Amino acid sequence: MSSGYTTSSNVAQLRESATIAVSQRARALKAEGRQVIDLGAGEPDFDTPEFIRRAAQRALDEGATRYTAVEGILPLRQAIADITNETNACEPITPGEVVVTTGSKQALFNACFALFGADDEVLVPTPAWTSYYEMVDLARANPIPVMGSVSRGFKVTADDLEHHATDRTRGVMLNSPCNPTGSVYTASELSELVRQAAERRWWVISDEIYRRIAYDGPATGVLSVAKHRDRIVTIDGMAKSFAMTGWRIGWAIASAPVARTLTALQSHTTSNATTVAQHGALEGLRQREMAEAAIAAMVNEYRRRRDAALDILQGPGAPGVVPPDGAFYLFIDVRDTSPDADDAGSVFARRLLEEKGVAVVPGAAFQAPGWIRLSYAAALAEVVEGVRRIVALRKEMLRPDQGDA
Ligand SMILES: Cc1ncc(COP(=O)(O)O)c(C=O)c1O
């Protein structure tokens with residue numbers, strides 16, 4: 001039966017976030033009393049460090065309850081600029097080139113909306129975080145998936161991008177460390193892509209939200225390999241490395257004219273990011289020693305879980321996996337568990353949840369439908385048990401003529 005109203009063409013293509021949908025299904029099963037190991041959520045399982053929580057409490061008591069400038073409080077933008085300038089190879093960032101947003105998601109959306117428009121094409125190295133495709137679509141531009149080779153952990157090269165470029169290409173979305181693969185671009189790989197984008201006059205939107213969660217030290221950011229940054233927008237935030245998902249603080253760094261446009265756009269939608277959360281973020285960025293210790297402790301724990309999971313996934317009978325150098329995801333190949341590789345990840349994820357009580361995200365959410373994504377932002381014992389059940393289900397699903405089961 002018709003619902004009696006229609007939504008506009010703006011949202012005609014819009015799909016619900018598949019990552020959030022999995023968490024909701026896992027929650028529903030838990031509510032029915034089922035035991036579920038939730039390895040679906042892309043959310044740190046740590047609490048925000050205490051020194052940040054205390055600073056926010058103090059800020060509230062001191063009156064941080066009102067609007068701020070749309071682009072965020074100056075000390076926070078100054079702190080973001082200062083930290084970025086420590087590794088920035090381009091002309092120094094000023095606070096006027098930083099826009100604080102309601103999570104990095106808003107920074108990404110605003111950048112896509114401001115830089116791309118009808119019929120523009122935007123290259124999206126794939127697999128990629130589900131929202132990039134939707135954000136580009138919402139800007140009425142066309143996301144063009146560019147699949148990197150599995151042997152390179154799906155990382156793309158300039159040649160890969162060139163093969164998909166047309167005269168309508170306006171930009172490229174980079175994400176290192178990558179959600180969902182955990183792959184990290186080296187400085188030389190990244191500088192090749194940045195050089196190409198500069199030559200072709202493409203915008204680069206570089207999502208560096210996982211930069212600090214990397215197992216060989218912080219990942220290289222585009223500003224440390226670029227010569228000029230007038231067509232680069234970098235995105236970062238507090239959610240992942242500071243375990244501050246619910247605080248909703250992210251930011252975009254862009255040339256002054258672009259930063260002004262992003263601010264104007266935000267002034268008509270959400271205005272400033274939550275004031276007290278900005279003060280918490282400021283403390284996180286200012287108290288360097290405490291922040292470094294907190295991040296190192298979390299990264300060490302993620303490393304322990306990654307290694308334990310890889311021990312099983314690199315053993316006999318296990319599915320293929322991209323060995324991750326960053327973020328907290330494992331991207332697992334289940335193409336051989338179904339006659340239709342285009343459906344394999346979804347079928348596998350559904351059976352894994354319903355029959356084995358483990359929630360993961362089907363690769364279709366990242367435009368790699370034969371794969372699944374596991375988040376190891378969960379207790380070590382749950383990660384290990386979840387991976388064991390994945391291996392067991394794969395063995396059940398392989399046809400008898402398939403070798404290693
Ligand atoms: C690659 C990537 N970018 C951005 C975000 C959004 O982060 P935030 O919570 O800062 O909006 C996520 C969250 O899952 C992500 O995985």
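Predicted model: local features only at pLDDT ≥ 70, side-chain atom pairs only at ≥ 80, totals over all residues.
Residues are numbered from 1 along each chain as its sequence is written, and side-chain values use heavy atoms, with hydrogens and water left out.

The chain contains twelve helices and 13 strands, these being DSSP runs numbered from the N terminus (H or I over at least four residues for helices, E over at least two for strands). Because its radius of gyration, 21 Å, is close to the 22 Å given by the globule rule for 405 residues, the chain is as compact as a globular protein of that length; the radius is taken over C-alpha atoms, and the rule is 2.2 Å times the number of residues to the power 0.38. The C-alpha trace spans about 60 × 55 × 50 Å along the principal axes of the chain.

The ligand sits in the largest pocket, in the sense that more than half of its atoms lie within 2 Å of the pocket's grid points. A pocket is here an open set of points, on a 1 Å grid over the protein atoms alone, where a 1.4 Å probe fits and protein lies on both sides within 12 Å along at least five of seven lines. The ligand is surrounded by 14 residues, of which the closest are S104, N179, D207, K240 and R248, a residue being counted if one of its heavy atoms lies within 4 Å. Helix α4 (residues 103-115) supplies the largest share of this shell, four residues. By class, the shell comprises six nonpolar, four polar and four charged residues, with Asp, Glu, Lys and Arg taken as charged and Gly among the polar residues.

Among the polar contacts (pairs of N or O atoms within 3.5 Å), ligand oxygen atoms lie 2.7 Å from a polar backbone atom of S104 and 2.9 Å from one of K105, while a polar side-chain atom of R248 is 2.7 Å from a ligand oxygen. The protein covers 92% of the 400 Å² of accessible area that the ligand has on its own, as computed by the Shrake-Rupley method with a 1.4 Å probe.

Cis peptide bonds join T126 to P127, with omega about 5 degrees, and S176 to P177, with omega near -10 degrees. P127 lies in the loop between β3 (121-126) and α5 (130-138), and P177 in that between β5 (169-175) and α7 (187-200).

Technical notes:
Polar contact = N/O pair within 3.5 Å; in protein donor to acceptor, adjacent residues only side chain to side chain. 1 Å grid on protein atoms, 1.4 Å probe; cavity = no way out; pocket = protein on both sides within 12 Å on 5 of 7 lines; lining within 4 Å.
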